[in-house]
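Morning, everyone. Please look at the model on the screen, and then we'll walk through it.

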Amino acid sequence: MKLEDLKKIREKAEKDIELRQKQARIRIVVGMGTSGIAAGAREVIRTFVDEIAKRNLSDVIVTQTGEKGLASQEPMIEVYEEGKPVVVYGNMDAEKTKRVVAEHIVNGNPVSEYVIEVR
Amino acid sequence: MNMVRSHVLISIDAGTIMAGARAVEEALVKEIASQGLAEEIAVLETGSIGITGRGVVVVVYPEGIYYAGVTPNDVPELVEEHLLKGRPLKRLMLAEAPKRYVIKREKTGLLKEQPRVVLRNSGIINPESIDEYIAAQGYEAIAKALTSMTPEEVISEVKSSGLSGRGGASFPTGLKWEFARKAPDPEKYIICNADEGEPGTFKDRLILEGDPHKLIEGMLIAGYAVGAQKGFVYIRGEYTLSTERMEKAITEAKAYGLLGAHILDSDFSFDIFIMKGAGAYVCGEETALIESLEGRRGHPRNKPPYPVTEGLWGKPTIVNNVETLANIPEIIKNGATWFKAYGTEKCPGTKVYTILGHVATPGLIETEMGTTLRDIIYEYGGGIKEGKKFKGALVGGAAGAFLGPDMLDVQMDFVNLKEYAAVLGSGAILVMNEDASIVEMLKSVLHFFKHESCGHCVPCRLGTAQLVEIVDRLAAHEGKKEDLDKLLKISKVMRDTSFCPLGQSLYLPISSALKYFKDEILSHVKQAAS
C-alpha cells in the first residue's frame with residue numbers, strides 16, 4: 001500500500017459511512033465490549049435485528065462499537081437520527097429493546113424511563 | 001434491500017384495538033395493494049403512540065404526520081390523497097403532533113464530558129472495521145512518521161511531549177525509545193504489555209476491544225522509531241474478546257499492507273504477533289513477561305540489564321503498556337505541543353481510571369492528569385452510593401495505596417502523589433464508604449499476594465504467609481497489639497529484599513492503611529480480659 005492508497009481508503013470510508021448514514025433514517029449503535037456482552041448486549045443486538053427485520057424497517061441500521069466506560073449501565077445503546085439529538089439508553093435487555101423499537105424507532109417517542117443521556 | 005419510500009404506522013394497543021385498529025390495518029394493506037403501492041409503502045404495527053381516546057391512530061413517515069380517529073371508510077381517501085398524490089388529508093390530521101424528545105435528563109457522572117485522547121474512538125467506531133478506523137484519521141500518524149519524519153525526529157517528538165509510561169513506573173517513554181534505538185544490536189523488538197492483571201481495572205481492555213488498530217499504529221510508530229522489525233502483544237489470557245479483536249485487526253492491517261514488508265512504500269517492515277498470558281499476576285512485570293514470551297516460567301529477571309538493552313531473546317526490547325502506546329498516534333499526528341495542553345506541566349496528557357466500589361456510577365473514565373480524587377469520585381463517579389460518607393479509596397489495585405479523606409484534594413499525577421505515584425499505573429480506584437472494613441480489605445489484598453507469590457525468593461514466600469496469618473487474626477478480632485508493628489516491619493523487609501516488584505509492592509497498601517486507619521485496625525486487637 002502506498003500513501004495515496006491510504007488517502008483513497010480514507011476518502012472512500014468517509015463516503016461509505018456518510019452514505020450509510022444518509023440511507024439510514026436511524027442508526028442504532030450497540031456497545032459490544034466485554035462488560036456489555038456480559039450484561040446481555042448480544043441478546044439486545046439480536047433483538048434489534050429481529051425486530052427490525054420483522055417490521056421491515058429498511059431504513060434502520062444496527063452497528064456495534066466497543067465500550068465507552070460506563071460499565072454500570074451496560075448494555076448501552078445509542079440511537080442516532082439525522083437532525084436530532086443522540087439518545088443513549090442504558091441497562092437494556094430484550095424486552096426493553098422491543099419497546100424501544102416500537103416506541104422510539106418506529107414512533108419517534110423515546111422511552112424516557114430507559115434513557116440515561118441525550119446529547 | 002427493497003426501498004420503501006413511506007412507512008405507515010398503526011398504533012396497536014388496547015385502546016386502538018377497541019376502536020377498530022385491526023380493521024383499519026386490514027383496509028390499509030388492501031387499499032395500498034390495490035393502488036399498486038405495496039412495494040414502496042410498508043404498513044407496520046407499533047405499540048401505543050401515546051395518543052389515547054382519539055380512536056385509531058396512524059402515522060405516515062417520512063413526513064411524520066399523525067392521523068387520529070381513522071375508520072376503514074377513511075382508508076381509500078387517505079391512501080389516494082396522501083400516499084398516492086402526496087397531499088396530507090387535513091380533515092383527519094392531528095392538529096398537534098405529540099412532542100418529541102421530551103426526556104428527563106438524568107445526570108450520570110460518567111457521561112460527563114471527558115477529554116478523550118486514548119479512548120477517542122472506543123465506544124464510537126466499529127472496532128472490527130479497519131475502514132472506520134481509517135475514516136477516523138487512523139494510520140495517518142504512521143504515514144506522517146514514515147513520509148516526513150526520521151526515527152530520531154519521532155523520538156524527539158515523543159520526548160518533548162513529556163509522555164511517561166502509563167503502566168505504573170512512569171518512565172519517560174521517549175527516553176526508553178532512545179535507549180533502545182542506541183543499542184547496537186540491529187535486531188530489536190516491541191512488546192505491548194496487555195497483561196492487565198491488577199484487580200479491579202480494565203482500562204487496557206477498553207482500548208484492545210474498542211480500538212485495536214490504534215494499538216497497532218502505536219506499535220508501528222514505536223517500531224519505526226527504535227528500528228524494530230517485530231512486535232508482540234502479550235494479552236491477558238482471560239481477555240478473549242480482546243484477543244479476537246486484535247487478531248482480526250492484525251489480519252485486516254496485513255491485507256491493507258499496513259503490516260508486513262515495505263509499509264506505505266517505505267523501507268520500514270514490521271509484523272505483529274499475539275501471545276496469550278496464562279494468568280500469573282507477576283507476568284505483568286516486564287522481565288517476567290519476556291520470560292513467559294520466550295516460553296519459560298514467568299520469573300522476573302535481575303535488573304540491570306534492562307530490556308532496552310537486553311530483552312526478548314537477549315535483544316534490545318521496548319515494553320510499553322497499552323495505554324502508553326495508544327497515546328503515540330495522537331502525539332505524532334497532532335504534535336507534542338497539542339499533547340502538552342492536557343494535564344499538568346510536569347505530567348502532561350490524560351489518564352484512564354477504573355472507578356469501582358461504593359460509587360453511584362462505576363465504570364471507566366479518561367481525564368486530565370492532575371484531576372483530584374474528589375473530582376473523580378464526585379464528578380465522574382456520581383458520588384458515594386446511597387448518600388453515604390466517603391471513608392477512603394484503594395487506589396492502584398492490590399499493589400496500590402489506601403488513601404484517606406485528606407488525600408481527596410491532592411492532584412493526581414506522578415509528581416503530586418509522591419510516594420504513592422505508582423498507584424496511577426493501573427488507575428483502579430476502589431471507593432469505600434463508611435461501612436467498609438479496612439481490615440477485611442487488607443485481608444483480601446494480602447491473601448491475593450500470598451496466592452500470587454511464586455515462592456522463588458524467601459522474603460516474599462515467607463513474608464506473604466506471615467502477613468496473611470496476622471491479618472486473619474486481626475479480622476477475627478483476635479489480634480495482638482504488636483501485630484500492627486509486625487505488619488509494617490515484615491512488609492518493609494519484603495520491600496527492601498524481595499527479588500521482584502510483587503513482594504516489594506506490599507509495603508504500599510500496608511503502610512498506607514496503617515497511616516490512615518490505624519485506630520480502626522487497633523480495634524481488631526483482642527481486649528485483655530479484665
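Is the crossing of H5(B) and H12(B) left-handed or right-handed? Left-handed. That term applies if the near helix is turned anticlockwise from the far one by less than a right angle; clockwise is right-handed.

Some ground rules. This is a predicted model, where local features need pLDDT of at least 70, side-chain atom pairs count only at pLDDT 80 or more, and totals for chains, interfaces and linings use all residues. Residues are numbered from 1 along each chain as its sequence is written, with chains lettered from A and ligands numbered from 1 in the order in which they are written.

Back to our pair. Helices are DSSP runs (H or I, at least four residues), numbered from the N terminus. H5 of chain B covers residues 140-148, and H12 of chain B covers 322-334. They pack at about 55°, axes 8 Å apart. Axes are lines fitted to C-alpha atoms over the stretch in contact, and angles run from 0 to 180 degrees between N-to-C directions.

Who meets whom? From H5(B), Glu140(B), Ala141(B), Lys144(B) and Ala145(B). From H12(B), Pro329(B), Ile332(B) and Lys333(B). Contact means C-beta atoms, placed from the backbone, within 7 Å.

Now the chains. 43 residues of chain A contact 53 of chain B. On the chain A side, H1(A) gives the most, eight residues.

Last, domains, with bounds from an automatic or database assignment. Chain B has domain 1 (6-92), domain 2 (130-340), domain 3 (350-433) and domain 4 (438-522). The centres of domains 1 and 3 of chain B, taken over C-alpha atoms, are 55 Å apart.

Note on methods
Contact = placed C-beta atoms within 7 Å. Helix = DSSP H or I, 4+ residues; strand = E, 2+ residues; numbered from the N terminus.
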